[in-house]
Amino acid sequence: MRIATWNVNSVTARLPRLLAWLENSGTDVLCIQETKCAAEQFPADELRELGYESAVNANGRWNGVALVSRVGLDDVVKGLPGDPGYDGAEEPRAISATCGGARVWSVYVPNGREPDHAHYAYKLLWFEALKAAIAGDAQGSRPFAVLGDYNVAPADEDVWDISLFEGATHVTPAERAALAALRETGLSDIVPRPLKYDVPFTYWDYRQLGFPKNRGMRIDLVYGNAAFQKAVTDAYVDREERKGKGASDHAPVVVDLDI
DNA sequence: ATGTCGTTCAATGAACGA
């Protein structure tokens, strides 16, 4: 089974590339983040024509996640139990389902904006709720993984120049501690191969020639339990998808599994 | 080859988030 995660930065703007990528990549299950559309605007019909079922948790302009599968899509759960919400409202940042024998989540962790911003406190609370929600499945014998845009670089090496991140989110000890807490439930970081350069960056800012200069970050992560990790045969970042006109600012992370 | 992109609201750009 080939499973992938991709922050598409608007599923409607990305639709031609999304359909082409699914056709060409041989992906069985895709975890999508930042659909940036209302649920009814999600291109389920176009995906169905390619043989994929869809499950969507989205509500408009911001955020939005989805699961797309051609190997089954059962027991869909939208949202995160205990989601702290932001500014009085719960946001569509999580969806989970059973696909081809694996239980998978597609998550879009809050950005945090600045360490002294309310959004940062929200981000940490959101991580706590995620940990509580997945701890049971992490210990289970069924292959289980949480895939998505975590908006945290696990180590200093996971950003192009750590000296430029002083005082910034995505690299703070508290955010990294939140990742460590997730791993302590029984999940492992499935680190993909970079297809070019040394570090498997997954995101490059649109601005200031981020991609051509490889000013990237590894913030799209695959956290799998022991059964999932044991089944992994390969993992890589499809940086080709970041190239050219009409690309998302994130590249897909692809994982091959012997299940 | 790549010196932002995408959505929304109200509008022929600005505001906002990332």
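Guide: Start with Asp149, which counts as buried at 1% relative accessibility. Keep in mind that this is a predicted model.

Visitor: Why is Asp149 called buried?

Guide: Buried means under 20% relative accessible area. Asp149 has 1% relative accessibility, so Asp149 counts as buried. Asp149 is found in strand 8, residues 144–149.

Visitor: What makes the link between Asp149 and Asn7 a polar contact?

Guide: The cut-off for such a pair of N or O atoms is 3.5 Å. The side chains of Asp149 and Asn7 make their polar contact at 3.0 Å, so the pair is within the limit. Asp149 is also in contact with other residues, including Gln33, Tyr108 and His250.

Visitor: Why is Tyr108 called buried?

Guide: The relative accessible area of Tyr108 is 9%. The limit is under 20%, so Tyr108 is buried. Tyr108 lies in strand 7, residues 102–108. The side chain of Tyr108 makes a polar contact with the side chain of Glu34, at 3.4 Å.

Visitor: Which residues does the "active site" annotation cover?

Guide: The unreviewed UniProt entry gives Tyr108, Asp149 and His250. They are spread over 143 residues of sequence, yet they cluster in space, with a largest C-alpha distance of 12.6 Å. The lining of the largest pocket includes Tyr108, Asp149 and His250.

Visitor: How do you know that Arg61 meets a base oxygen of DNA strand B?

Guide: A polar side-chain atom of Arg61 lies 2.5 Å from that base oxygen.

Note on methods:
Residues numbered from 1 in each chain as written. Chains lettered and ligands numbered in written order. Predicted model: local features only at pLDDT ≥ 70, side-chain atom pairs only at ≥ 80, totals over all residues. Heavy atoms only, no water. Polar contact = N/O pair within 3.5 Å; in protein donor to acceptor, adjacent residues only side chain to side chain. UniProt positions renumbered as here; feature names shortened; annotations may be inferred. 1 Å grid on protein atoms, 1.4 Å probe; cavity = no way out; pocket = protein on both sides within 12 Å on 5 of 7 lines; lining within 4 Å. Helix = DSSP H or I, 4+ residues; strand = E, 2+ residues; numbered from the N terminus. Buried < 20%, exposed > 50% of the residue type's maximum accessible area, 1.4 Å probe, protein only. Contact = heavy atoms within 4.5 Å. Lists of a residue's contacts leave out its neighbours within four places in sequence.
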